[in-house]
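Here are my comments on the model, in numbered points. Please read them with the coordinates open.

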Amino acid sequence: MSETPTWTQSASEQPPSPEIDITQPHAARLWNYWMGGKDNFAADRTAGDYVAEVYPDIVTMAKVSREMLVRQVTFLAGEAGIRQFLDVGAGLPTMQNTHQVAQRVAPESRVVYVDNDPLVLVHARALLADTTSEGVTAYVEADYNNPEAIIADSRNVLNYEEPIAVMLMGVLGYVEDVDARQSIVTRLMEPLVSGSYLVLWDGAATGEAVVAGGEKLAEAGAVPYYLLSPDELARCFSGLELVEPGLVQLTQWRPDTDEPQPIDAYGAVARKL
Ligand SMILES: C[S@@+](CC[C@H](N)C(=O)[O-])C[C@H]1O[C@@H](n2cnc3c(N)ncnc32)[C@H](O)[C@@H]1O
């Protein structure tokens, strides 16, 4: 059993801007580390390894979550005809970002990213640079605990008279209370017209190892991530119509393989009636 890690800042690493604290692990950077990205610091990597020691599947979860995002956004921009996306808790730019996937199918897609991590803001420029000439990609720095602020700001880019897909991809686990999670979803979905969508996934307490991983994360000094049961996660979709195959393990959402591997995380796409 390893000891709780302590953070020593690497001499070669400097924060990209003074308000960014690289001495403590941060959610977006930890996720970037597990995804195989480079936008992380020693404290993130130490905490990431500490969690992965007891729950190695966290790395798989990061990978398959992005693969599911690609399948879901492709479905929304294609079959469902959605042209507007509000990706809340977007994280640091990675291989296949929402606007790239959506604009590959429909170049005129408008995408607003939201996050409250200052490093994500620093990297937002990279996200915005490669948007199509027909489409729009924008970034809003905001906290999802204030959905009304997100809606007000995103109105500069998104037309709330037309359907919008709200995405909460592995982000609501920082909210412990199930009712509080549901309230965030309800308030984000409330101003949307019928035919809009919710896309949401989260880690689930479906095994001992994932629960141990969650405990290690908190011990490591990162913001705790609360794991719910799949039934509790299902409450976030109350009043919405689940698109086939419903709320399933990430790898089982319209998989492009015959043998999707099991993972302790559930996701779904649902339509506002
Ligand atoms: C596990 S990462 C997921 C990133 C991305 N959605 C993905 O699927 O790869 C969680 C993200 O949620 C963001 N986040 C955490 N709490 C937030 C809050 N209260 N408001 C907005 N974003 C938040 C973090 O900064 C981080 O980028």
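1. Which residue lies over the face of Tyr160? Arg155 does, at 4.5 Å from the ring centre. Bear in mind throughout that this is a predicted model.

2. There is another charge over a ring to look at. The charged end of Arg254 sits over Phe75, 4.6 Å from the centre of that ring.

3. Now the ring pairs. Two aromatic rings are described by the distance of their centres and the angle of their planes. With centres required to lie within 6.5 Å, the count comes to five aromatic pairs. One of them joins Phe75 and Tyr197, edge-to-face, with 6.4 Å centre to centre and 90 degrees between the planes. Phe75 belongs to helix H3 (residues 57–77) and Tyr197 to strand E5 (residues 197–203), so this pair ties together parts 122 residues apart in sequence. Phe75 and Tyr197 are both buried.

4. Tyr174 and Tyr225 also pair edge-to-face. Their centres are 4.7 Å apart, and the planes make 80 degrees. Both partners sit in loops: Tyr174 between strand E4 (165–169) and helix H7 (178–189), Tyr225 between helix H8 (208–219) and helix H9 (230–234). The pair therefore ties together parts that are 51 residues apart in sequence. Are the two partners buried or partly exposed? Tyr174 counts as partly exposed because its relative accessibility is 31%, while Tyr225 is buried, at 15%.

5. Trp31, Trp34 and Trp201 form one aromatic cluster.

6. Next, H8. This helix has twelve residues and reaches 17 Å from its first C-alpha to its last, close to the 16 Å expected. Which of its residues are buried? They are Val210, Gly213, Gly214, Lys216 and Leu217. These residues cover an arc of only 160 degrees around the axis, which means they lie on the same side of H8. In general, an α-helix has 3.6 residues a turn, so residues three or four places apart point the same way. The face of H8 turned away from the buried side carries the exposed Glu208 and Glu215. Just after H8, Gly221 takes a positive phi of about 90 degrees.

7. What do the buried residues of H8 pack against? The partners are helix H1 (27–34), helix H2 (42–54) and H3. Seen from H2, the cover over its buried residues includes H1, H3 and H8. Those buried residues of H2 are Ala42, Ala43, Asp44, Ala47, Gly48, Tyr50, Val51 and Ala52. The length of H2 agrees with expectation: its 13 residues should span 18 Å, and the end C-alpha atoms are 19 Å apart.

8. Finally, the cores. The largest nonpolar core has 53 residues. Met61, Leu76, Phe85, Tyr197 and Val269 have the most contacts inside it. H3 gives the most to this core, with eleven residues. Another core lies apart from it and has 31 residues, among them Ala142, Met189, Leu240 and Ala268.

9. Leaving out residues up to four places away in sequence, its contacts include Val73, Leu76 and Ala77. Phe85 also touches Thr98, Ala102, Ser109, Arg110, Val111 and Val112. Leu158, Ala165 and Met167 are on its list as well.

Technical notes: Residues are numbered from 1 along each chain as its sequence is written. This is a predicted model: local features need pLDDT of at least 70, side-chain atom pairs count only at pLDDT 80 or more; totals for chains, interfaces and linings use all residues. Side-chain values use heavy atoms; hydrogens and water are left out. Rings of Phe, Tyr and Trp (its six-membered ring) pair if their centres lie within 6.5 Å; planes under 30 degrees apart count as stacked, over 60 as edge-to-face and the rest as tilted. Helices (H or I, at least four residues) and strands (E, at least two) are DSSP runs, numbered from the N terminus. Buried means under 20% relative accessible area, exposed over 50%, partly exposed in between (1.4 Å probe, protein chains only). A charge sits over a ring if NZ of Lys or CZ of Arg is within 6 Å of the ring centre and within 35 degrees of the ring normal. The expected span of a helix is 1.5 Å times one less than its number of residues. The arc is that of the directions from the helix axis to the C-beta atoms. Contact means heavy atoms within 4.5 Å. A nonpolar core is a set of buried Ala, Val, Leu, Ile, Met, Phe, Trp, Tyr and Cys residues joined through side-chain atoms within 4.5 Å.
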